[in-house]
Amino acid sequence: MTAADALAELQTLAPELHTVALLGPDGDVRASTLDDPSAFAAAAADLLEAAASLRPGGERTVQRLHVETGAGAVYAVADGGLTLVAAAGSEAAPALALHDLRACLAKIGRDA
């Protein structure tokens, strides 16, 4: 299964995750549900960098992220140099969204 196939399957199982992108170690887009994911990927990279700067003790890696806004939320999970980022509406359940992202990222990692 390709990364694009895994993202399509994720959206079938979790349609509340309306935008999803797989980022490589340098923030490069490996797969996305968007035709042009550049703005989404750049915003996600900025958000992850800002979150990493808040971590105590100099730890600069964000393994899991959940940020809520008035219009919805952004979720991210990272493992093995890959980061899966999703934007969702306010109806998304945070624990379930993070679980679904972790499961998808694990599947992508196994197939990479």
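User: What radius of gyration would a compact globule with 112 residues have, and what does the protein chain have?

Analyst: The radius of gyration is taken over C-alpha atoms, and the globule rule is 2.2 Å times the number of residues to the power 0.38. For 112 residues a compact globule would be near 13 Å; the protein chain has 13 Å, which agrees. Its C-alpha trace spans about 40 × 35 × 25 Å along the principal axes. This is a predicted model: local features need pLDDT of at least 70, side-chain atom pairs count only at pLDDT 80 or more, and totals for chains, interfaces and linings use all residues. Residues are numbered from 1 along each chain as its sequence is written, and side-chain values use heavy atoms, with hydrogens and water left out.

User: How do I read confidence, and where is it lowest and highest?

Analyst: pLDDT is the predictor's confidence in each residue, from 0 to 100. Where pLDDT is low, the predicted coordinates should not be read in detail. Here the protein chain averages 90, and 96% of the residues score at least 70. Confidence is lowest in H2, at a mean of 90. The highest is strand E2 (residues 29-32), at 96.

User: How many helices and strands are there?

Analyst: Helices (H or I, at least four residues) and strands (E, at least two) are DSSP runs, numbered from the N terminus. The protein chain has 3 helices and 5 strands. Read along the sequence, the pattern is α-β-β-α-β-β-β-α.

User: What share of the residues is buried?

Analyst: Buried means under 20% relative accessible area, exposed over 50%, and partly exposed in between (1.4 Å probe, protein chains only). In the protein chain, 40% of the 112 residues are buried.

User: Which residues have the most contacts inside the largest nonpolar core?

Analyst: A nonpolar core is a set of buried Ala, Val, Leu, Ile, Met, Phe, Trp, Tyr and Cys residues joined through side-chain atoms within 4.5 Å. The largest has 22 residues, and Leu10, Leu17, Tyr75, Leu84 and Leu101 have the most contacts inside it. Two or more residues come from each of helix H1 (3-13), strand E1 (17-23), strand E4 (72-79), strand E5 (82-89) and helix H3 (94-111). H3 gives the most, with 6 residues. A second, separate core has 14 residues, including Ala41, Ala52, Leu65 and Ala87.

User: Where is Ala52 found?

Analyst: Ala52 lies in helix H2 (residues 38-53). Its relative accessibility is 5%, so it counts as buried. Leu10 is 42 residues from Ala52 in sequence and 26 Å from it in space, C-alpha to C-alpha.

User: What does Leu101 touch?

Analyst: Contact means heavy atoms within 4.5 Å. Not counting residues up to four places away in sequence, Leu101 touches Leu10, Leu17, Tyr75, Ala76, Val77, Leu84 and Ala86. For the protein chain as a whole, take contacts between residues at least 6 apart in sequence: 45% of them join residues at least 24 apart.

User: Is Val77 buried or exposed?

Analyst: Val77 is buried, with a relative accessible area of 2%. Its place is in strand E4. Leaving aside neighbours within four places in sequence, its contacts include Gln63, Arg64, Leu82, Leu98 and Leu105.

User: Which residues does Leu98 contact?

Analyst: Leu98 is found in helix H3. With a relative accessible area of 10%, Leu98 is buried. Beyond its neighbours within four places in sequence, it contacts Arg64, Leu65, His66, Tyr75, Ala76 and Val77.

User: What is the nearest side chain of opposite charge to Asp100?

Analyst: Lys and Arg count as positive and Asp and Glu as negative; His and the chain ends are not counted. For Asp100, it is Arg102, 8.7 Å away. Asp100 is buried yet has no salt bridge. It sits in helix H3. Leaving aside neighbours within four places in sequence, Asp100 contacts Leu10, Ala14 and Glu16.

Key: Salt bridge = Lys/Arg side-chain N within 4 Å of Asp/Glu carboxyl O.
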